[in-house]
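Me: Please go through this model with me. I want each label set against its criterion.

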Amino acid sequence: MSDLVPGEPGAGGYRAAWHPGSESATVAEHVGFQYAGIGHQTGTAQAGLWLFLATELLFFGGLFLLYTVDFARHPGGTLAASRETTLWIGALNSVILLCSSGAYTYGLGLARRGDNRGLFRMVLLTGTLGTVFLLLKGYEWYDDIARHLFPGPSFVLPAADGGALFWCFYFVATGLHGIHMIVGLVLLAWIGAGVRKQRFSPAYYTPVEGVGLYWSFVDMVWITLFPCLYLVGR
Amino acid sequence: MIGLATASDGARETDWLLGSLVGASALVLALVMGLMFIYVIRYRHGSGLDRGSVAQKTWRIEVGWTAATLAVFFGLFIWGANLFIRINLPQDNPLTINVVGKQWMWKIEHPGGEKEINALHIPVGRNVQLLLTSEDVIHDFGLPAFRLKRDVLPGRLEAMWLHADKVGDYRVFCDQFCGTDHSAMIGTVTVMEPADYQAWLERNGASTSLVAAGQALFIRYGCAGCHQAGLSGGGGTVRAPSLNGLFGSPVPLADGTTVTADEKYIHDSILYPKLQVVASYDPVMPSFQSVIAEEDLVRIVAYIKSLDPHAFAAGDRPQ
Amino acid sequence: MSTTTERSLLTLQQRADSYLTDERTIWSWLLTTDHKRIALLYFASITAFFFLGGAAAAVMRLNLVTPEGLLVEHEMYNRLFTMHGVIMVWFFLVPAIPVTLGNFITPLMLGARDLAFPRVNLTSWYLFMVGGVTALTGLAAGGVDTAWTFYTPLSTGYSHGWMMLVCLGIILSGYSSIATGLNFIVTIHRLRPPGMTWYRLPLFLWSLYATSVIYVLATPVLTMAMILLMFERFFHVGLFDPALGGDPVMFQHLFWFYSHPAVYIMILPGFGVVSEVITAFSRKGIFGYKFIAWSSVSIAVISFFVWGHHMFVAGTSIYSGIAFSLLSFMVSVPSAIKVFNWLATLHKGFIRFNAPMLYILGFIGLFTIGGLTGLFVASLGTDVHLHDTYFVVAHFHYIMVGAMVSAFFAGLHYWWPKITGKMYPEIWGQIAAATIFFGFNMTFAPQFILGYLGMPRRYASYDPGYQVLNVVSSLGAAVLAVAYLMPLIYLTWSLFAGKNAPSNPWDATGLEWQTQSPPRTENFAFTPVITGPPYNYPRPEQRQHV
């Protein structure tokens, strides 16, 4: 059976059975009424985010599995098709993304120390680098399509050899990655706005951490994608 | 009410397994429902029965019924898997008949070129190999009386083995949803005495056998240009593997493995030549995908199957 | 105090604040983050989808009364069964228990005030609604005629219809599922009250947890399969087209990798409801708590490794068939363990025959039949004959409709007093339970025979020899339709004229019964501390002879 702990009904009594809240009023207003305190909420938010990333792993995983099977079935065609990718853009974009992750992580360190202005600058830098990435990617797509590399009637490589499948994978994977980047940029903007509104402090910066986790994950997807797309044939 | 005919030994074996499954299921269901009824009546609220005490150490009971379930299930699995393997084993000396499915009909072609639509005539007591493919979407050639079916895929050749032991007419159903008239894609398998089958073949004789038609196509599509399959005057500058006696013989591939040249290998080599390149040859054969229709492929494969290793015409360059 | 005064005091208290009466504007409902209100929003949605999908089935069964098809042309029939499958799978069965009963009861069972992420919960309802409306638009605009399984190349190259809209709707509902699953997993991990160890969780939560694991891990693969399908249909790049180097069977792998675990998503929550109801109405602790708990988890794990049993005759290798067949037999073992444990729970209980219990007893019978017939199709030798026939249709309807919908109604009736504060009319509940059981068997039992006799599924017209069994099945469907309308009517009636419900009408254990019916918005005034296992009803030997 359960023993109901006597206490005052309402918010105070509820929390009294857990750990008495020691956070300040501004932090307390961020804590949902189902949580025992800021630590409880932060840990839960992190758990949720990691679980979400696990679903993303399964999501991209299916796509990479498709790539692996097609590569195994048509090695020659895949390699030949991979050689048609524009290496300099891919490599430059990889560097840009890595730098952006680095910038954000540095910003996270600043957040822990309470340096809100520094954090804002890092968020801005990350967002800028992310935007440059997308612009380069957009140009690369334009160029790929102009060179008739989009699979379909005007596809320039012999289709049945696996070339069409590779370029299919290329456009779907980079397209989905791009969508994730755009969502990331929106999240960065939200963090930036929050920093400006003085929402975060060393006692409460959970959303900053969360977005950082997401951004790093999107980065990792690219790191896996880069060799699959650009390096296999070279 | 319809009954289900049994046209082969395999069908009978399947029925045995099905019957056993029904028996086992009935037993389990009787046990479960029986216990349930007994318990809810005996132990209903207000029955006044002295319940006594409930078992504390339940571990042994749990392991017991789990082990029993596992054992029964494993036994059933083995039986089913064994049957499945034997259903799919190639049979000796088969009569090979080609089946091409398309929306929404079945096109059947016998080795002698005899064609039928939505009907399949086969002799009783003979091993029959059906080579199945599709021209468009995935269909399924289903023969309830044989307890068999196989999905029919575009761009692929699948083999199904039959051995009918009862004369009669049996249903063919398309068993994979394939579009608007899926339910109209039905036909009849007619199993006949061998003499009747011969007579039927003669009545429906084709002007050319599959092999002869295949030979004509072999020339028309330029295969002879490289493969010099025993035709005089067939000369080319490209070095290509000889096709004489190819069918049934081992083929060493460029990746070090060896495959046996069956109908599927020949069929796939024409459509996807770069997938299995023969050792020491360059991968220069063009693909004939979307060039040669499945029906014509059937004839070409039949022709290549017929090529005798000892038939060299004069004037051929040695391989 | 006399009982009458007690009851009227209690009544007074219940007429006071509850989550239903706290705020009354439309926006307080549409923008709520209260898990209980979200559960009701979901409940309205899935009821609507259930009856839409059911309407399609009604037309189908009516059409099948004659061999040529009584009502509709082939094309229309194909659109109808596609609509039936899409709606019932993604917009009824996959969400059903978790989003209604799960959303409502989970925090209550945990003594918590809400789920871990209430705003994510609301977002998941909106995703579900947008996805549902999108899919319905496609189905209504002109329909899709590919079957809910969308096999390529039929769906990518040969079908004319609004497939893109329907696929988009499915993708959105998938994200709704992922959000819900994520919420439950995190909630069960992080919001348990003091003293509630894992082995003190109610079994409903164990099964919800297992369901959520599948939601979270399998649904992304469906999303990818749908994206690739839409890409292929729109651009014809050759992903699943052999003429361009692709492989149509690859789609089947991607599709079934999700869709097989999905059927366990559908049934696992039902298992949880059974454990709750059977203990309450046997007034006895569950037999083999740990075995039932872990069987849910093992079903969730093994379910990911059996998808190939949908493809035994699809052109996959014999080795693949053997592996998947063995695993499919293995995945049935935990379910069998559950049934044995439930029967053992009945043993020496004190059984009452209220409506929830009748539904559960029906569940046990129907689930056993459905599960046993699963063995027929798991077995390689027999599946060759039964694949894509009405046998399979009967098998999965026994589980998904016979068992699962019975469990849903059981849970609905069991927790109805808690959710609405009203009692449903007991006698009508019992009549409906019996009618559903009878109507269901009449509809689907003949289909096992039809399948053995060779009648293929998805046939708009059939050989005349199959007519008698089809007519029996269609008559059964008519009974079933009436039976499903019954709860709709009397449950709605109870909202207006039912007796007020006390906090614990069944005298059951469980934290959800420790608060008022219906609960306040914040559920509990103070946090409970758990000091013992669930279902701690007095042992039979401790009771007086009753």
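Me: What makes domain 1 and domain 2 the parts of chain B?
Reply: An automatic or database domain assignment sets the bounds. Chain B is split into domain 1 (95–203) and domain 2 (210–305). Their C-alpha centres are 26 Å apart. The model is predicted: local features need pLDDT of at least 70, side-chain atom pairs count only at pLDDT 80 or more, and totals for chains, interfaces and linings use all residues. Residues are numbered from 1 along each chain as its sequence is written, while chains are lettered from A and ligands numbered from 1 in the order in which they are written.

Me: How do you know which residues form the contact of domain 1 with domain 2 in chain B?
Reply: Two residues are in contact if their C-beta atoms, placed from the backbone, lie within 7 Å. The contact takes 12 residues from domain 1 of chain B and 10 residues from domain 2 of chain B. On the domain 1 side, β1 (95–102), β2 (105–109) and β5 (127–134) of chain B each give at least two residues. Strands are DSSP runs of E, at least two residues; helices are runs of H or I, at least four; both are numbered from the N terminus.

Me: Which residues does chain B bring to chain C, by class?
Reply: The side of chain B that touches chain C has 37 nonpolar, 21 polar and 15 charged residues. Ala, Val, Leu, Ile, Met, Phe, Trp, Tyr, Cys and Pro count as nonpolar, Asp, Glu, Lys and Arg as charged, and the others, Gly among them, as polar. In total, 73 residues come from chain B and 72 residues from chain C. α2(B) supplies the largest share of the chain B side, 16 residues.

Me: Why is α10(C) called oblique to α13(C)?
Reply: Helix α10 (residues 248–282) and helix α13 (residues 355–378) of chain C pack at about 125°, axes 9 Å apart. Angles under 35 degrees count as roughly parallel, over 145 as roughly antiparallel, 65 to 115 as roughly perpendicular and the rest as oblique. So α10(C) is oblique to α13(C). The residues of this contact divide into 8 nonpolar, 1 polar and no charged.

Me: How do you know that the span of α7(A) is close to the expected one?
Reply: The expected span is 1.5 Å times one less than the number of residues. Helix α7 (residues 163–196) of chain A has 34 residues, with 50 Å expected. From first C-alpha to last, α7(A) reaches 49 Å, close to that value. Just after α7(A), A:Gln198 has a positive phi of about 60°.

Notes:
Axes are lines fitted to C-alpha atoms, for helices over the stretch in contact, and angles run from 0 to 180 degrees between N-to-C directions.
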